[in-house]
Amino acid sequence: MSDNQSTGRRWPAWSSEWTLLIAVVVAVLATTAIDSNHSYLYRPLESLRDIARNTALLGIFALGAAVVIIAGGIDLSLGSMIAFSGMVCGTTMLALAPEQMMAAKPVGGWVVAAGIGMSLLSGLAVGTLHAWMVTSIRLPPFIATLATLVGLRSLARALCESTTAALTPSKSAQIYVSDPFFKMLRDNVWISVAVFAVLALVTWVLLTRTILGRHVHALGGNEDAARLAGIRTENVKWFAYCFSAMTAALAGVFYVANESVAAPVNQGRGHELNAIAAAVVGGCSLAGGVGTVPGTVLGTIFLRVVIDAVSKVIKTGADVYEGLIVGVVVVIAVTFGQVGQRAGSRRLLPGPLGLAAIPVLALFSGGTVAMTSGAMPGVAAGVVALGLLGGLRAWESRSAAAG
Amino acid sequence: MPEPVISMQGITKRFPGVVALDDVSLEVLPGELHAICGENGAGKSTLMKILSGVYQPDAGSMMLAGETVRFSSTREAERAGVAIIHQELALVDDLPVLANVFLGRERRNRLGLLDDRGMARETARLLETLECGVSPRVRTGSLRVGDQQLIEIAKALSLDARILVMDEPTSALTESESARLERVIASLLARGTTILYISHKMEEVFRLADRITVLRDGHTVRTLDKDETSPREITSLMVGREISDSSAMPPRAPAEPLLEVRDLHLPWPGHVRGYRLDNVSLTLRRGEVLGVAGLMGAGRTELLETIFGVSDPSWRGTISLHGRSVRFTHPSEACAAGIAMVTEDRKRLGLFPDFDVAANISLTALDRARRGGLISRRAEEALVAEPIRATGVKTPGPHAAITGLSGGNQQKCIIGRWLLTKPEVLLLDDPTRGIDVGAKAELYTLIDRLCREGLGVILTSSELPELLTLSDRVIVLAEGRLTAELSRSEATEQRIMEAATAG
């Protein structure tokens, strides 16, 4: 009760966005300097295009992930939804124009429109399914979307095999899509960037300036209070899960275009976690109620910039490290977000657990450097990490004793 | 005068942006019950959390029985014999009672496995001394708040605590549970335990305490012997001014019936009684406050929730508004029909901690905060200005954080939220729980004024004086049944308690 006053202090609403923006700039500048090819300097447009393509592709459904997270839920199924919607798109076009599809010829505008339309509808259907499981069956969102994470990919593969068996000479695990419209989507990066930008703008206005958006925040902030204030919380959830699944469906179309194939075995696999990571790095709280569109967009950009930076520095085989980078960025971003909010009163390396964490962290960082740059730099990095962490521990212990 | 068992000198504690305690001193004598009084935000809980090792002070010193101590955790404080029972109970709902009592200090048998039988025996023994008949093996979350509180006390006893801090222990208890707690306190004192006791309830403080320390705005105002002071003096020291006696409200003139409930029956599947409410009828007129009295579990909240369309829709009977039968299945329908409800648990069921003051209030009327289809900051500010003024919310501005306001001002925001829906019937479920004396008086004035402006109010409260002060009529529930309907002149604490325990 009497502590309310102390917790009521807030940081300026934009501070995490500014921090992220600065972090993006710093990452770009550092990469420009460290990268031995200096590709940001000599081939800026090409580099920008790479980052823009990846950012737009991830950002489209990161926005969906963010909306569900702000509404107090979670959507784990986005990666499978991408595969499923891509498959629905491919299947629809194969069913409507089998000869052209098999001969890799243009299928015609209305067939493409039908394919994309069906794919968005599949998002609507899956979102409705999620909302029904969460509100009517009362499954925890984690369980409901875990079920579709596993189920949708399998369903997409089954759909692929049965339609190809029925419509083409042989059963196949993928459907090639070579219509010029999809080639255009692939070759013209700025289309996906424009779609992402428009979607982000619409989502931003929706979340900050409409009643529905306010209700999304209210639902995530305090679901019981929202219902008792007369908000139809089940409808708000319905919207949130449909919005999320439809952004993944839209992203699915771009995935198909980029790879010229609807391949449900691997398309978008694991990418739901990247989207959730982008939202979290952007300041969305998994407890619900907190998060912004600018934050999510910047979180996505930051994640892609760091991934790109590492690939520029390492040169070959950088995709192996993508997951590691995402993991490290998420931990660091959330750690510093929390420390900022608690005015630095918390120690990072307290007690025996903190002591045990020091060699673990040193070992992981040294090992990573060893694998990318050779044994000696690895050992050096490990020793440096050990020294820095030990120093931090000593400093924290001393200031804790003094304070 | 004996040597003090606790001596805190010059305690200062800062939180970001706030000095919670500024040079506070406190001396507690061995074996006394020392009450700490003060409005919300005065620093009572912070001081007790420092004493029990939850927080560390930024300055000042603390002596226990003549020895200087410094606790960096509650565990250290417990070892020194200081235990705290928090206002919000800190029990693990899913564990059995015995596991909560011994949490963190589990006993093991010869094989190194948990000695559940020994811990259960010890827990049962402790609970017996506390007049608490629950089994050590039931799930803690299935117990009522009053019993859970005794579990916390049992935990403190098992620690052999010499000093026990109780932070508003009766705020969620029924009258009979409070009486039981008072007996427990008396036996603890008889055993020589020193008790520090935070409470808002003056009569309780004066019944129990030996000495009283008043805090205001993070400063010690004074420590007084109970026998040398009066509740009036304490409350005026707490707020720094005299409180007008709110029991002198002029009578109101109730008009035509607004809401009628006839033979309401709310089933309770799986419970021995079979119903939460049975055969309850009431009439609410325009411009009156209808008080609903009853012990915890009597069905007060359920009654309001059924009217508001929150509880399960399997109820029988009729509810009519302006003579038309209604049956709400969702709060939004009740809201559209002109009924508003301020819920019992403000933090859990009312507030949006991530929203600012304006957004917390405007939520029920966002369609009126739009310009060209989109919510406009200006329009929202204009919308909430009236309810902020009408309810007298003290806030630095419409965009201040709601969590920075005191409990009383938060409650005013929630009432303001509902005034925006222009209700005719206002359901208030224990609206002053956890609110300090000064803010209570303001809320009483507000409720009275709303009534005179033509609202009908149904009010529940766990404090009888409050019901007697505010109500034109009081109905009493006992175990889900209506046992009395008393007019203002008939209602006394004695008669209400008799009806509430009639069963």
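Student: Which residue is the bridge partner of B:V476 in strand 22 of chain B?

Tutor: Two strands pair if DSSP finds at least two bridges between them. Here, B:V476 has B:A484 as its bridge partner in strand 22 of chain B. The model is predicted: local features need pLDDT of at least 70, side-chain atom pairs count only at pLDDT 80 or more, and totals for chains, interfaces and linings use all residues. Residues are numbered from 1 along each chain as its sequence is written, chains are lettered from A and ligands numbered from 1 in the order in which they are written, and side-chain values use heavy atoms, with hydrogens and water left out.

Student: How many bridges join strand 21 to strand 22 of chain B, and do they run parallel or antiparallel?

Tutor: Strands (E, at least two residues) and helices (H or I, at least four) are DSSP runs, numbered from the N terminus. Strand 21 (residues 473-478) and strand 22 (residues 481-487) of chain B are antiparallel and share 6 bridges. Their hairpin has 2 residues between the strands, and B:E479 takes a positive phi near 50 degrees there.

Student: Which strands does strand 13 of chain B join?

Tutor: Strand 13 of chain B is joined by 4 bridges to strand 20 (residues 456-460), and the two run parallel. In this pairing, B:G291 stands opposite B:L459. Another 4 bridges join strand 13 to strand 21 of chain B, again in parallel. There, B:L290 has B:R473 as its bridge partner.

Student: Is strand 13 of chain B mostly covered or uncovered?

Tutor: A residue is buried under 20% relative accessible area, exposed over 50%, and partly exposed in between (1.4 Å probe, protein chains only). In strand 13 (residues 289-293) of chain B, 5 of 5 residues are buried, so the strand is mostly covered. B:V289, B:G291 and B:A293 point one way, whereas B:L290 and B:V292 point the other way.

Student: What can be said of chain B as a whole?

Tutor: Chain B has 17 helices and 22 strands, and 58% of its 503 residues count as buried. Along its principal axes, the C-alpha trace spans about 70 × 50 × 50 Å.
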